[in-house]
2 protein chains.
Amino acid sequence: VIMPQGSAQGRANQLATLAGLEFELFTSEEIGALLQDLNGVYGDYDSDEASIVRVLWREWEQMRRLPPDLTSRIQEAGSVGRQAWVRARETNDFALFKPHLEKMIDLQVELAEAIGSASGNRYDALLHNFEPGLTFAYIDSVFRELKPELIALTRAVAERADAVDDSVLKRHYPEVDQLRFGEEIAAALGYDFQRGRLDLSPTAFTSAFHKDDVRITTRINADNVLVALGGIIHEAGHGIHRQSLSPSLYRSGIDGTGLAIAETLSRYYENVIGLSYEFWTYFFPRAQAYFPHLADTDLITWYRAFNKAQPSLIRTDADEVTYGLHIMIRFELENELINGRMRVDELPAAWNARMETYLGIVPPTDREGVLQDTHWSQGGFGYFPDYLLGTIFASQLDEQISAQQPDIKEDWTRGDFAGTTGALVERIMQHGGKYTFGELIRRNTGEDLSAEPYLRHLKTKYGAIYEF
Amino acid sequence: VIMPQGSAQGRANQLATLAGLEFELFTSEEIGALLQDLNGVYGDYDSDEASIVRVLWREWEQMRRLPPDLTSRIQEAGSVGRQAWVRARETNDFALFKPHLEKMIDLQVELAEAIGSASGNRYDALLHNFEPGLTFAYIDSVFRELKPELIALTRAVAERADAVDDSVLKRHYPEVDQLRFGEEIAAALGYDFQRGRLDLSPTAFTSAFHKDDVRITTRINADNVLVALGGIIHEAGHGIHRQSLSPSLYRSGIDGTGLAIAETLSRYYENVIGLSYEFWTYFFPRAQAYFPHLADTDLITWYRAFNKAQPSLIRTDADEVTYGLHIMIRFELENELINGRMRVDELPAAWNARMETYLGIVPPTDREGVLQDTHWSQGGFGYFPDYLLGTIFASQLDEQISAQQPDIKEDWTRGDFAGTTGALVERIMQHGGKYTFGELIRRNTGEDLSAEPYLRHLKTKYGAIYEF
């Protein structure tokens, strides 16, 4: 973001050198022998040290299974593949992307077979890469329960499309004021600007150089205030997460978490907090201070506009109700592609068919369909489901925290999020990569991952907004 | 500069880890054996590869002499010592700094004795650390020739102090316009903003992450335009230098140069170009465009103001005539301190005595005297002379280039510096650390380092300005 435009190749060289060095040092026989000696000496969660050994031993053992050049072959194919994807999307020509996607799938199959999986489903190895311990069966059992309900809810809001008018979001919002307002919100949520900064970039993301240097970005659309506010609140969630690591795990090798845990936090802030009536009870008057034209609008109109739900073509623009269906399409197609049950040339039609079944709309072009995401071009198979898993767990957490700390949402109406962020630090953020996603859910709720709290949340909230 | 304020400790940890890893990998027996096998197989300058081996073998051999913990002991003492120096300077109390400086000198003596020197002068080992191959005798022979002449010139300009009025520089110059003007100048000189950027910081410096990511900073004083313009032109010189490395030396281990070579370039841009009448022939009208109040000023007044020379207390504010004497004081005192011929408690009086003899003025406080520079607090002994050595060589180069390309300064009057920067790239910048300072001088001029061109330059230029 801040780096000069012509510096990317040199930076890539440096990162490749460091990655190679890290791989070489970490996968050495010496490190393996030390980890193996220590692993199992103590109980899994007796201490931070026991967890460091357990997690790193699992990683060592897995990295040793990789053919030495596979990672760099995937990176290279991803670099070329991404360029092909950019051209294919620009020209709406899936055929340009097809051979690259086929090659990438072959590489992902090679990767999955090298890692192996207990179930025999190759896709499990790829899921595990982004969130340790996840399997197709585990995710599918929850998604399967959720899917018909989401389809029904999507139909319900689509039938009442006129019930919510979100035109107030699409007025002119000067970029600099959006940025200042976003900074105020991020700071109130608990993002520490002494150890972070907020910059502009074409897509929003978070970079954690270490726990005390965690930077977030957003894009801004002057004619749609939802883009930047949603982005900033989401990334602030990631940022607070990375800034809140326990000092005892700093530079431990398990400083970070898998993607489903990360998305639990970002979606908690973005959806549970940022789309709530309590949040806007405090922040809508602040919005009116930044944007004087909002004097003609009231809180309930603003809240309803922010929560407008409707079937749409593009995942990144999707709302809380329909988002999950976009993920399920990708999850199901990935599983079939990686297991050789679907060919790449069948993919565009399969995509469109699922869009019609799940969301009731069909992309008029591949650019608005199967070509919309960059992930597959760079080898990101097994990544998408984590977005939804985090969303689901966020609702479970919300019910749990609300039950134990019933006054906490009252705090939100006064702009006070310390209790909520404190609870999330205590329950999740401080622990780095100590617990798997499933273990974190059990420790926090006493149960396994469940779609019910998320469904209850959607039905209650959107039932009220759309009056069904 | 861009990093959040609270991120420094974490970054320091990361850099220490990388430095430790680099030291461990580079000083391994394996690398030593490879370098020793190859060293001397080819002539010194037969190829870039021969130079890489020669220079790295010298470095390996020297690094192996260091006691394993000495570097970190110096870093730690420097970190504590710098804080003590900050307090001592703030409170104008040398006694607060004294024990830390004594400890640092002990460590520098330990370092010098570990490295060793052919001459038996410990200071040579420290000089070598900042610019390979430099010795006290080499530098002293040139400084000795220069000193009485600089003292005479300083006296001459001091006696005619009223001849130059620099009040025009001390008007109000809005910071943003200074920055824009500085960017225009840096780009015209050849600094590539596609592979660099210019930011603000408390002191000006250059960071080269790699040859295609070289960033410069400046400070800006809205009431003294010389601060930012001088700083930007100096750092642009460093920046162009680092951006102009030959691709064949990129990531070779000899990508960088010693400090005297680096200062040759920065002082060439800052003094030879940036203080010249030809440079301002083009850029003074541009300055008038940025700062409309300059409509009442003419080029000759501006040029004379920019070149006002006078004895002053602070090195970093010193002009082209007096700067060298500030350096000589430090060079002489360092040599005596490191060789045990002066005690730290004698230092403030010795400083003031030399100031009086060389510059004809005495600091009223230690804060404006011996406490002004941070270098010694952090172990920077042997660093200062390189500033002046670069200045001296820059004048030798200037005579050489002007003789071979007589039209080149005419180009400057049209804002065209391509010929000059091209000559400097060809002669010096592309070569990275391939040549020692002395070798570069011989290759460029057929002679050794000489103070004569610098003295000719000063006498001609300041004789004209001050009419002596």
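Okay, let's start with one pair of side chains: B:Arg171 and B:Asp296 meet in a salt bridge, at 2.9 Å from N to O. What I like here is where the two partners sit. B:Arg171 is in the loop between helix H7 (136-159) and helix H8 (175-189) of chain B, while B:Asp296 is in the loop between helix H11 (277-290) and helix H12 (299-306) of chain B. They are 125 residues apart, so this pair links distant parts of the chain. Before I go on, keep in mind that this is a predicted model.

Why would two such side chains pair up at all? Side chains of opposite charge can do so when their charged atoms come close. And how many salt bridges are there over all chains? Searching the whole structure gives 71.

Now, how many of them run between chain B and chain A? The count there is two. In one salt bridge, the side chain of A:Arg11 meets that of B:Asp213, with 3.9 Å from N to O.

Let's stay with that interface for a moment. On the chain B side 26 residues are in contact, and they touch 26 residues of chain A. The size of an interface is often given as the accessible area lost when the parts come together. For chain B and chain A, the buried area is about 2,000 Å², and carbon and sulfur atoms give 47% of it. Which three residues of chain B supply more of its share than any other three? They are B:Ile2, B:Pro4 and B:Arg251, with 22% of the area that chain B buries against chain A.

Next up, empty space. Rolling a probe the size of a water molecule over the atoms shows where it is left. The second largest pocket holds about 320 Å³ of space. It has 17 lining residues, and the closest to its centre are A:Glu278, A:Asp398, A:Lys409, A:His457 and A:Lys461. Several helices of chain A give two or more residues to this lining, among them H10 (259-273), H11 (277-290) and H15 (384-404). Which element gives the most? That's H19(A), with five residues. By class, the lining of this pocket has six nonpolar, five polar and six charged residues.

The largest cavity has a volume of about 50 Å³. Its lining includes A:Trp85, A:Phe97, A:Trp351 and A:Trp376, along with A:Arg330 and A:Asp373. Overall, that lining divides into six nonpolar, two polar and two charged residues.

Last stop, a bit of strand pairing in chain A. Strand E2 (residues 206-210) and strand E3 (residues 213-218) run antiparallel, joined by four bridges. Together E2(A) and E3(A) form a hairpin, with two residues between them. If you want one spot to look at, find A:Ser207: its bridge partner in E3(A) is A:Arg215.

Conventions. Residues are numbered from 1 along each chain as its sequence is written. Chains are lettered from A and ligands numbered from 1 in the order in which they are written. This is a predicted model: local features need pLDDT of at least 70, side-chain atom pairs count only at pLDDT 80 or more; totals for chains, interfaces and linings use all residues. Side-chain values use heavy atoms; hydrogens and water are left out. On a 1 Å grid over the protein atoms alone, a cavity is a set of points where a 1.4 Å probe fits but cannot get out, and a pocket is an open set with protein on both sides within 12 Å along at least five of seven lines; lining residues have an atom within 4 Å of a point. Grid points are joined across faces, edges and corners, and a volume is the space filled by probe spheres set on the points. Ala, Val, Leu, Ile, Met, Phe, Trp, Tyr, Cys and Pro count as nonpolar, Asp, Glu, Lys and Arg as charged, and the others, Gly among them, as polar. Two strands pair if DSSP finds at least two bridges between them. Contact means heavy atoms within 4.5 Å. Buried area is the accessible area (1.4 Å probe) that two parts lose on being put together, summed over both. A salt bridge is a side-chain nitrogen of Lys or Arg within 4 Å of a carboxyl oxygen of Asp or Glu.
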